[in-house]
Amino acid sequence: MKHLAFKRGALILAVLLFSSILLSACSSSDKEKEVTPSGEAVQEQVELRLGYYSSAQTDAKMQELVKKFQDSHPNIKVKTESSPYGQFFQKLDTQIAAGNAPDVWLSDGVLVPKYAERGALKDLTDLIGKDLKHDEYYGLDFNKDTNGKYWGVPQGIQIGVLYYNKDMFDAAKVAYPTTDWTWDDLKAAAEKLTLDSNGKYATDAAFDGKKVKEYGLTFFSITEGWMPVLKSFGGGVLDPTLQKSIINSPENKKALDWIVDGMNRHLFPTPADLKSFQSNMAPFPSKAAAMRIGIYARTMDANNAGLNYDVTLLPKGPDGKRFSPVIANSWVINKKAENQVGDAAWEWVKFWATTDEAQKEWASLGEAVPVKKSVANSEQFLNGKPANKQAFLDSFEFAGTLDVNAVWSEWVGKFNESINRAFQGEIPADQALSTADKDVQQVLNEFYKK
Amino acid sequence: MSHSKLRKTVSYIVMTISSLIMLLPFLSTVFNSLKTYAQFTSIPPKWIPNPVQWSNYSEVWKLGPFSQYISNSAIVTVLSVIGGLLSCSMVAYAFARIEFPFRNTLFMVVLGTMMIPAVVLIIPQFVIFQNLAMLDTLTPLWLIEWLAQPFGIFLMRQAFLAIPKDYEESAKLDGCNPFQIYWRIFIPMCKPTFATLAVFTFMTKWNEILSPAIFLTSKENYTLPIGILSLGGQYNGSEQYVVAAALLSLIPILLVFLFAEKYFVQGSNSAGVK
């Protein structure tokens, strides 16, 4: 009797173990099936592993474009590997460490040098020189390193302009921003636009800075915050070699004073003020800020929220210098992708950049400025909200990257640490700059001076 | 009499207020899931959605193969729970009852592995599963649980240690071998601990992000948390959909809790008996 029950227990265990092994065997044999067709009959077939980050909406569009690519390149079979943005790069680092990264992948523009300088990417200089005409594209040079080598081809471009909420300007009876504005003009307007919960503007003596309901300008971190201000004031973070900090400069001091003053007067939210919003990006679409320094992708949330807004060029610095921050999210090719696979990877990049249809389809999502100039300058891109989309294209004239190098994320983190303390009024501006200078230089030394 | 009544009233009031405070974030999540994007981001925040955007839930369903994600998560979770219970209890039984050299040292080593953060292990695991051709399948996600995880071993060992030796000895007299003792005496006597471990494993696996994010690449293999994350893009938040999807994913966990609650209670009761 006992023996029987024991047997039954053992049987259940055995069945469970067996079924689990069977399940795993099934799933792995499915995978093998995909790999085997590279037999004799289809010798020319190449399987291309294409990695990209996406949302549910963008993934559908990407799949459509992959299908079009396969139709025009019947010998290439694309295997897509997509993940949500954050997880994509986490996985990519693991894949690179394990020597298993995709053959071609979409890199955030600020991360291209990270992969390039660690030897994970293929040098695309010759291929670009051979197949792409420089004048026909925006932003090829944003992936050029200090040695003149190209490591990626932009997939879509983010470029900064000044967003303004027309309704809020009208309500405060302030004239819309113009292309002649300096940062001081912007601040003067911000003062007239900043409103407390008692309905008093910042220009009013009774204004209560602790109860701001609508800020003049929202301001967040590097791209849509301090970098454009520092650069148009003549400052910046790294020298042209991208290995030396130039943070502790009089120009940066002037720029930082300008920002801190705006925050002290509650015209711009401090990093702590931003915490009371759903996200750091929420103030403008939720009508809690009249202006924002915004990249192209921000047209999506502004349009979704149904704002009555437009855009114009970012203001000039004290000496008339302008700067528009750029992030060129790019296709990069795995260094290990050689021969047929390497060719197929380049075919995909070329298809993306040169085909009008691919460019137009992607542009229709409204996520990025098209790379191909002819498409970016077409009605299809320029029509729709905001009315002055031309401002994005005009900004390319004075656009630059965010001093992107192999340790970009690390130094930005260090820089923000000090600078945010100055924004909160915890330390004076010059102390923040000298600390940031030291910290950032240390990060650079750790990587570049081995 | 009136004194105790007063005490009761006061404690009820305190409990009601504190439970309301606890419920508030959950309620705001429910409300947020029913807002339009404009309402979701509006300042000052509007508590009650108006109009109520029920379509967020159907939209979530349209944005991705959510039934596929749910079934993937269910496969991983169920297999993990079974594997976790079996493997952890077997190892724990050995640590609790079988004499072998270096038993305590080995147990310390097992406990020590609990200190290693998951991120550190992920690259070696990735390489192993790559060599086993198991990447982009659900297998690595549950297989790992069949290999006895330290927390479960610890939990089960403590429960087994609490069983008096007398049971074991009388079973031995009746002719049971160690496996029979484990299967027929220890498992039935530690049901509440099994339930606890099952709930823990269920919750961990159902909500797991790191391993599925690293091991899976095809959309059709995504588990639910990765599916939910994929609703938001680099620039496009679509937060209201993410919230709605996250709420949907809570339902199975709530069900498991309701079902396993009596075992939790039983576990704490039986601690004092015998």
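**Figure 1. The loop between helix 4 and helix 5 of chain B, with F102(B).** In this predicted model, F102(B) is found in the loop that lies between helix 4 (66-97) and helix 5 (103-113) of chain B. Although F102(B) is not a glycine, its phi is positive, at about 60°. Most residues other than glycine have a negative phi.

**Figure 2. Two cis peptide bonds, one in chain A and one in chain B.** In chain B, N50(B) and P51(B) are joined by a cis peptide bond whose omega is about -5°, and P51(B) belongs to the loop between helix 2 (37-41) and helix 3 (55-63) of chain B. In chain A, a cis peptide bond with an omega of about -5° links K385(A) to P386(A), where P386(A) sits in the loop between helix 15 (379-382) and helix 16 (390-394) of chain A. As background for this view, most peptide bonds are trans.

**Figure 3. The contact between chain A and chain B.** The contact draws 51 residues from chain A and 49 residues from chain B, and the area buried between these two chains is about 4,400 Å², with carbon and sulfur atoms giving 64% of that area. Five residue pairs in polar contact are found across the interface of chain A and chain B, counting pairs in which both residues are at pLDDT 80 or more. On the side of chain A that touches chain B, at least two residues are supplied by each of helix 1 (2-35), helix 2 (56-72), strand 2 (76-83), helix 3 (85-97) and helix 11 (298-304) of chain A. Helix 1 of chain A provides the largest share of that side, namely 13 residues.

Figure 4. Side chains of opposite charge can pair when their charged atoms come close. Over all chains, a search of the whole structure finds 24 salt bridges, while the interface of chain A and chain B holds two salt bridges. One salt bridge joins D136(B) to K79(A), with the closest N and O atoms 3.8 Å apart. Within chain A, a salt bridge connects the side chains of E64(A) and K61(A), at 3.7 Å from N to O. E64(A) and K61(A) are separated by about one helical turn, because they are three residues apart in helix 2 of chain A.

Figure 5. Strand 7 (residues 212-218) and strand 8 (residues 289-294) of chain A pair in the parallel sense over three bridges, and T218(A) stands opposite R292(A), a residue of strand 8 of chain A.

How values were computed:
Residues numbered from 1 in each chain as written. Chains lettered and ligands numbered in written order. Predicted model: local features only at pLDDT ≥ 70, side-chain atom pairs only at ≥ 80, totals over all residues. Heavy atoms only, no water. Contact = heavy atoms within 4.5 Å. Buried area = accessible area lost by both parts, 1.4 Å probe. Salt bridge = Lys/Arg side-chain N within 4 Å of Asp/Glu carboxyl O. Polar contact = N/O pair within 3.5 Å; in protein donor to acceptor, adjacent residues only side chain to side chain. Helix = DSSP H or I, 4+ residues; strand = E, 2+ residues; numbered from the N terminus. Pairing = 2+ DSSP bridges.
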